[in-house]
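Please examine the structure shown below. The paragraphs that follow consider charged side chains, their surroundings and the contacts between them.

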Amino acid sequence: MARTQQQRKADTRERLLTAAAQLFADHGIDAVSVDVVAEAAGRTSGAVYDHFGSKQGMLLALLDEWEQSLVTVIAAEFELAADVGERLRAVAANLIAHPSEETRRLLLLEQELWLRAARDPEVAAALRVRASEAHARMARGFASWMADGIIEPVASPDTLATVFRALVVGLEMQNRVDPEAMDIDTVTAALGSVLTVESPSPHRRTTAAI
């Protein structure tokens, strides 16, 4: 059955945004042109302008529609383990010490977006909206753990969410530059110190897929 024009346009838009996300992560936003995104998506540069108006419009659309985020991936890792210690170990293994290629690209793209936001008020405004939703999700999770007595109320859920996310980003960046500096047990202990929970006993590496 032949697709409608609307379906073809939606497919093109999705292809362009997917290509942009990958290229921005791998090469940096400033290093990637409209033509390069279009070629990677199997479309023409005219399609980029038709859908987004400009490279800036494409970047803003990516922020609006891109469902992945660091918090989303952290939440997925938490759901794979039974207790807090094992959940922290899953984050340490799969987001910091041994991230998959998909996760590595996600983290790089997030860092590129934050760097761009520091110089571009329009991007900063869009990123704040996206970041606030992700932050609220993590804070609600920590609040629930406090209410259930799983972690101690050493700080407000909002503060814990801010510090935990920042620590994950910082440790991942350090590990990417110097992977010999930390192992999974060290990273797990560092994450646990934020929540004042003890690390699980060392065992084989967690390898759950993202």
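Arg-43 has a relative accessible area of 26% and is therefore partly exposed; this term covers residues between buried, which means under 20% relative accessible area, and exposed, which means over 50%, as found with a 1.4 Å probe on protein chains only. The model is a predicted one, in which local features need pLDDT of at least 70 and side-chain atom pairs count only at pLDDT 80 or more, whereas totals for chains, interfaces and linings use all residues. Residues are numbered from 1 along each chain as its sequence is written, and side-chain values use heavy atoms, with hydrogens and water left out.

Arg-43 also takes part in a salt bridge with Asp-11, in which the closest N and O atoms are 3.0 Å apart. Helices are DSSP runs of H or I with at least four residues, numbered from the N terminus. A salt bridge requires a side-chain nitrogen of Lys or Arg within 4 Å of a carboxyl oxygen of Asp or Glu. By this rule, the structure has 12 salt bridges.

Another salt bridge connects Asp-26 with Arg-105, and here the closest N and O atoms are 3.0 Å apart. Asp-26 lies in helix α1 and Arg-105 in helix α7 (residues 101–117), so this pair ties together parts that are 79 residues apart in sequence. With a relative accessibility of 35%, Asp-26 is partly exposed. Arg-105 is likewise partly exposed, at 22%.

Glu-101 counts as partly exposed because its relative accessibility is 43%. These contacts belong to a network of salt bridges that links Asp-26, Glu-101, Arg-104 and Arg-105.

Finally, the reader may turn to Thr-72, which is placed in helix α5 (residues 70–78). Its relative accessibility is 24%, so Thr-72 is partly exposed. Thr-72 and Ala-189 are 117 residues apart along the chain, and their C-alpha atoms are separated by 22 Å.

Terms used: Helix = DSSP H or I, 4+ residues; strand = E, 2+ residues; numbered from the N terminus.
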